[in-house]
Amino acid sequence: NIHIHTLIIILTVLIIIGCSVVFTGSISGSIADEELYNEGNGNYAIADAEVYLYTEQEKRDADYNSWLTDETFRPDTPVEDEPEYFLKTITDDQGNYTFNGFIWNELFPDYGKSGDRKDVYLLFYHNDYGMYKTAYPVYVVNDVTNRIPLFKLSKILNTAEIAGRILDSE
């Protein structure tokens with residue numbers, strides 16, 4: 001009888017674990033140069049920036065901290081293990097990025113089998129801006145295109161033009 005009860009418990013656990021629900025959603029957003037955006041300049045898009053999507057904040061923060069330690073680090077730098085991020089994309093000429101078909105599964109979805117919401121975490125990288133992380137999680141809802149608010153990045157180095165004259169003191 002003890003073996004039968006143990007077998008029933010194991011089967012019940014396996015059935016519950018095997019009943020997770022799979023969800024999909026799409027994510028789109030934009031990144032902009034903060035200084036140009038604040039000046040009202042219409043040309044503030046950051047093109048060719050790398051955007052990394054993480055499903056776990058700890059993994060995103062670990063990659064961000066690795067970059068703070070060594071600014072040559074990128075989340076997709078070849079390493080022995082798989083990368084920590086879930087998806088990567090590059091911004092277009094308008095600073096827009098899209099993740100199509102983002103997939104996740106939940107054993108106990110918040111809204112049943114018909115819908116769910118997932119927290120995701122982003123990293124942005126561009127040579128002129130360095131690496132930035134989102135200060136808060138982004139929520140992705142099942143079966144819709146999720147438009148993420150605009151993120152503004154500041155350049156690492158600003159350039160300036162200096163003009164002057166050199167006078168001979170004699």
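Me: What makes Arg-74 a charge that lies over the face of Tyr-125?

Reply: The model is predicted, and in it Arg-74 is placed at 3.6 Å from the ring centre of Tyr-125. The cut-off for the distance is 6 Å, so 3.6 Å falls within it. Arg-117 likewise lies over the face of Tyr-139, at 4.3 Å from the ring centre, and this value is also within 6 Å.

Me: Why is Lys-118 called buried?

Reply: Its relative accessible area is 18%, and buried means under 20%, so Lys-118 is buried. Lys-118 is located in strand β5, residues 117-126.

Me: Which residues is Lys-118 in contact with, leaving aside its neighbours within four places in sequence?

Reply: Thr-55, Phe-102, Trp-104, Glu-106, Val-138, Tyr-139 and Val-140 are in contact with Lys-118. Each has heavy atoms within 4.5 Å of it, because that is what contact means.

Me: How do you know that Arg-60 forms a salt bridge with Asp-61?

Reply: The closest N and O atoms of Arg-60 and Asp-61 are 2.7 Å apart. The limit is 4 Å, so the pair counts. Arg-60 and Asp-61 are both buried. For Asp-61 the relative accessibility is 18%, which is under 20%.

Me: Which residue does Asp-61 meet in a salt bridge at 3.4 Å, N to O?

Reply: The partner is Lys-133. The value of 3.4 Å is within 4 Å, so this is a salt bridge by the rule. Asp-61 belongs to helix α3 (residues 57-69) and Lys-133 to strand β6 (residues 130-133), so the pair ties together parts that are 72 residues apart in sequence.

Me: Is Lys-133 buried or exposed, or in between?

Reply: Lys-133 has 35% relative accessibility. Buried would need a value under 20% and exposed a value over 50%, so Lys-133 is partly exposed.

Me: What makes Asp-76 and Lys-88 a salt bridge?

Reply: Their closest N and O atoms are 2.4 Å apart, a value within 4 Å. This pair links distant parts of the chain, with Asp-76 in the loop between α3 and β3 (87-90), Lys-88 in strand β3, and twelve residues from one to the other.

Me: How many salt bridges does the rule give?

Reply: The count is five.

Me: Why is the aromatic pair of Tyr-54 and Tyr-85 called edge-to-face?

Reply: The angle between the planes is 75 degrees, and over 60 counts as edge-to-face, so the name applies. The centres are 6.4 Å apart, and the limit for a pair is 6.5 Å. Tyr-54 is in strand β2 and Tyr-85 in the loop between α3 and β3, 31 residues apart.

Me: How do you know that Tyr-54 counts as buried?

Reply: Tyr-54 is at 0% relative accessibility, and under 20% is buried, so Tyr-54 qualifies. Tyr-85 qualifies too, at 18%.

Me: How many aromatic pairs does the rule give, and which residues form one aromatic cluster?

Reply: The count comes to ten aromatic pairs. The cluster consists of Tyr-97, Phe-99, Phe-124, Tyr-136 and Phe-151.

Me: Which residues in the largest nonpolar core touch the most other members?

Reply: They are Ile-31, Tyr-97, Leu-122, Phe-124 and Phe-151, in a core of 21 residues. The elements that give two or more residues to this core are β1 (21-33), β2 (50-54), β4 (96-106), β5, β7 (138-141) and β9 (151-153). Another core lies apart from it and has ten residues, among them Tyr-52, Tyr-54, Trp-67 and Tyr-121.

Me: What does Phe-151 touch, not counting residues up to four places away in sequence?

Reply: Phe-151 touches Ser-30, Ile-31, Ala-32, Tyr-97, Leu-122, Phe-124, Thr-134, Tyr-136 and Val-138.

Me: Why is Leu-68 called partly exposed?

Reply: Its relative accessible area is 45%. This lies between 20% and 50%, so the label is partly exposed. Leu-68 is in helix α3.

Me: How many helices and strands does the chain have?

Reply: The chain has three helices and nine strands. Of its 170 residues, 33% count as buried.

Terms used: Residues numbered from 1 in each chain as written. Predicted model: local features only at pLDDT ≥ 70, side-chain atom pairs only at ≥ 80, totals over all residues. Heavy atoms only, no water. Helix = DSSP H or I, 4+ residues; strand = E, 2+ residues; numbered from the N terminus. Buried < 20%, exposed > 50% of the residue type's maximum accessible area, 1.4 Å probe, protein only. Core = buried A, V, L, I, M, F, W, Y, C linked by side-chain atoms within 4.5 Å. Salt bridge = Lys/Arg side-chain N within 4 Å of Asp/Glu carboxyl O. Phe/Tyr/Trp six-rings, centres within 6.5 Å; stacked < 30°, edge-to-face > 60°. Lys NZ or Arg CZ within 6 Å of the ring centre and 35° of its normal.
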